[in-house]
Amino acid sequence: MRPTRCLLTALALCVAAAAPVDAQLPGSAMQDVRWPLRTREHVDLWLHGFAMISSDTSPVPLFRHGYRDALLAERAKASAVTDLDVNRDALARRLRENPALVNAQFLAFSFPAWDELVTTIDAFVKADGDPKKAKSKESAAAFPVLARLFPSKADRDFARTLMNALQNEKDVFFHAWWVGEMRRRERTLAAVDSAWQRGLRPRLQSFLNHSEQPNGDLILSLAIEGEGRTVSDARGRSQVAVGFPDSPEQAMDAMYEFAHEIVGPLTGPAVEDNTTPAEKRSGVATVIGSFALVRGGALLLARLSPELAAGYARFYLRVGGVAFDGDPMAAFARAFPIPRPMLESIGRQIAISFGGI
């Protein structure tokens, strides 16, 4: 999933640097690792909030299928009732009234920890979004970005209510649950890291270099699957969040989602060039753009091996809820159709980024 990149780049550059809070692999020293694997509680908490209040009808869902029901069941087991329950209907209603608020999902990626996110939003709301009322240089730089994400008073009320509800959610339930999940998934984290650093990442590095994505963080997130989240900054470092697989045997799922995300810089121009103004106005181009990302990931992995592309196709058919018999690639093409000129354009750009032509 693609944010408004210029907004988030500007915000990332104005936030003070600090070490992210990660669940790290035992004995790992990630400072010198290219594209290290990470987990981030505050990113999961922020995405969790949107997952609990969003209606999701996308062909590739924005959030993991069944996530909300599963988390409600976990909270029931813990006998936890939080402010997110109390405010859910009001938050969901405002999100329906202003669907552009969905872009605020990406906000957490620009902050190193939850406290910094809370402090900035709190200052922004108290200042009513006015940069002249900012009390620090960092806040003054961040306010214009936040004002574009939350332009009206109703939107700023949404931001404040969601932030406060998630603070209570964190204190009452989410932190303990998240820490428990990280412990439970230690073997899966190690399996994904092996599949990534010893498998796919070295094979993709030339593509990443030539497509101006040479380094970044690969983040495993509990709330998403299939449709990842990508934020890039002006220094050429990206953050790509993908779903956290349920077991070591599913480690390749995270690889498929990464491939889906990193073709975005190539599929976007192809969609722009191969859709009409009418399709852009009607929203058809948005659907085609989603399909183009899915198809682009398969083209990318097909450059490495047919088996990877077939595994990718089976994964996205499952995530999209598409049943099929026989050839997964044929079913995949039917499920996610895009115009042939667009497909060929994406393929050419992938070849160029591999240095193939």
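This is a predicted model: local features need pLDDT of at least 70, side-chain atom pairs count only at pLDDT 80 or more; totals for chains, interfaces and linings use all residues.
Residues are numbered from 1 along each chain as its sequence is written, and side-chain values use heavy atoms, leaving out hydrogens and water.

Arg-38 and Asp-217 form a salt bridge, with their closest N and O atoms 2.9 Å apart. A salt bridge here is a side-chain nitrogen of Lys or Arg within 4 Å of a carboxyl oxygen of Asp or Glu. Arg-38 is in strand β1 and Asp-217 in strand β2, so this pair ties together parts 179 residues apart in sequence. Strands (E, at least two residues) and helices (H or I, at least four) are DSSP runs, numbered from the N terminus.

Next, Glu-169 pairs with Arg-75 in a salt bridge, the closest N and O atoms being 2.6 Å apart. Glu-169 belongs to helix α7 and Arg-75 to helix α3, so parts 94 residues apart in sequence are tied together. Glu-169 is buried at a relative accessible area of 0%, and Arg-75 also counts as buried, at 3%.

By the salt-bridge rule, the count comes to 20.

Glu-169 also takes part in the contact of α7 with α2, contact meaning heavy atoms within 4.5 Å. Among the α2 residues there are Trp-46 and Phe-50.

Note on methods
Buried means under 20% relative accessible area, exposed over 50%, partly exposed in between (1.4 Å probe, protein chains only).
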